[in-house]
Amino acid sequence: MIDLRSDTLTKPSAAMLAAMAAAPVGDEQYLEDPTTNALQRRMAELLGHEAALFLPTATMANQAALRAQTKPGSVLLAEERTHVLVYEWGGPAIHSGLVMRGVPAYAGRVTPDDVDAVLDPDLGPGGIVVLENTHRSSGGRVWPLDELAATADAARARGAAVHLDGARLFNAAVAAGRPPSDWARLADSVTICFSKGLGCPTGAILAGSEALIERAWESKYLFGGAMRQSGVLAAAALYALDHNVDGLAEDHARARRLAEGIGIDPTEVETNFVSIPDPYGEGIARAAAAGVALGQLRPGWLRAVTHLDVTDEDIDGAIDALARERVNTV
């Protein structure tokens with residue numbers, strides 16, 4: 001089976017595992033894990049923020065960011081199929097008491113007009129606008145910097161904070177040829193996921209001001225506590241930053257080749273997602289019968305996702321199999 005369901009399927013390489021085994025560690029709760037501390041300093045600098053906090057997952061990082069910047073009863077505004085609204089099990093309402101408002105938006109990009117239409121200025125501080133880059137459900141699309149900046153400005157004009165769910169921000173940065181800080185510094189907080197295209201077994205980072213990160217520690221304790229010798233996991237992230245970021249460009253190239261090979265316009269592929277129409281709901285089964293595992297993108301659409309464990313031979317095999325089974329037939 002050629003498995004293209006998600007880039008969360010990546011396995012740590014032998015070299016990454018060796019780096020994990022060799023990592024110096026200490027107790028994270030006492031701020032004594034040198035590898036975790038090094039990762040947090042490095043990520044804060046890379047993202048253009050004062051401080052950063054290492055957490056087990058990007059979902060936990062998103063939820064900690066929301067709780068640290070909002071007050072119960074305030075509005076969370078995001079594109080209607082953003083990860084934080086659809087795939088985090090009502091966490092903003094459960095953990096932070098937020099009223100979740102989703103709006104439709106082209107390529108997942110909430111506009112200043114959307115912000116003005118939804119955020120009531122009488123609510124005052126406590127609301128938050130969540131922006132996702134790359135945007136998963138639109139097919140790994142990249143936010144143009146000027147558009148994200150305009151939406152962030154509109155949010156702050158209404159007294160709301162801005163959180164950037166940058167789970168795949170490094171994909172966006174590589175695709176656009178810009179540093180991730182160009183987007184990250186436009187938000188009050190930003191999350192990064194290491195267990196997708198960067199190839200780590202788990203781990204995420206939350207970056208923001210020193211005051212925000214101090215508040216996020218409270219949420220980390222509430223959501224499960226310190227990880228103790230977390231340097232074993234932080235070492236994987238440090239390895240990925242040194243060795244796996246440039247390879248994202250190869251993932252993107254393979255995604256475009258796959259799209260072209262199955263009759264989808266490759267110019268619609270901005271990063272490592274190929275969006276495949278599935279109007280009759282048969283695509284996953286038909287692809288599986290041909291030996292290719294596809295994932296769900298949004299209603300009526302499937303996704304094929306490339307990552308560092310997907311080879312050129314896998315792409316060749318997937319093109320042949322999907323074409324043979326006419327998976328892209330509308």
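Strand E3 (residues 75-79) and strand E5 (residues 128-132) pair in the parallel sense over 2 bridges, where strands are DSSP runs of E of at least two residues, helices are runs of H or I of at least four, both are numbered from the N terminus, and pairing requires at least two DSSP bridges between two strands. Within this pair, Leu-77 stands opposite Val-129 in E5. The model is a predicted one, in which local features need pLDDT of at least 70, side-chain atom pairs count only at pLDDT 80 or more, and totals for chains, interfaces and linings use all residues. Residues are numbered from 1 along each chain as its sequence is written, and side-chain values use heavy atoms, with hydrogens and water left out.

E3 and E5 belong to an open sheet of 7 strands, ordered E2-E8-E7-E6-E5-E3-E4, with mixed pairing. From one strand to the next the twist averages 20°. Helix H10 (residues 210-223) packs on the sheet and touches E2, strand E7 (189-193) and strand E8 (204-208); contact denotes heavy atoms within 4.5 Å. The direction of H10 makes about 20° with that of E2, axes being lines fitted to C-alpha atoms, for helices over the stretch in contact, and angles running from 0 to 180 degrees between N-to-C directions.

Helix H11 spans residues 231-243 and contains Val-232. This residue counts as partly exposed because its relative accessibility is 34% (buried is under 20% relative accessible area, exposed over 50%, partly exposed in between; 1.4 Å probe, protein chains only). Beyond its neighbours within four places in sequence, Val-232 is in contact with Met-20 and Val-25.

Asn-244 occupies the loop between H11 and H12 and is buried, with a relative accessible area of 15%. A polar atom of the Asn-244 side chain lies 2.8 Å from the backbone oxygen of Leu-198. Residues up to four places away in sequence aside, Asn-244 touches Met-16, Leu-198, Gly-199, Tyr-239 and Leu-308.

The buried residues of helix H12 are Leu-248, Asp-251, His-252, Arg-254, Ala-255, Leu-258 and Ala-259. They cover an arc of only 160° around the axis, which puts them on the same side of H12; the arc is that of the directions from the helix axis to the C-beta atoms. These buried residues pack against helix H8 (169-176), strand E9 (273-277), strand E12 (301-305) and helix H14 (312-324). H12 is followed by Gly-263, whose phi is positive, near 85°.

Key
A polar contact is a pair of N or O atoms within 3.5 Å; within protein, one must be able to donate a hydrogen and the other to accept it, and residues adjacent in sequence count only if both atoms are side-chain atoms.
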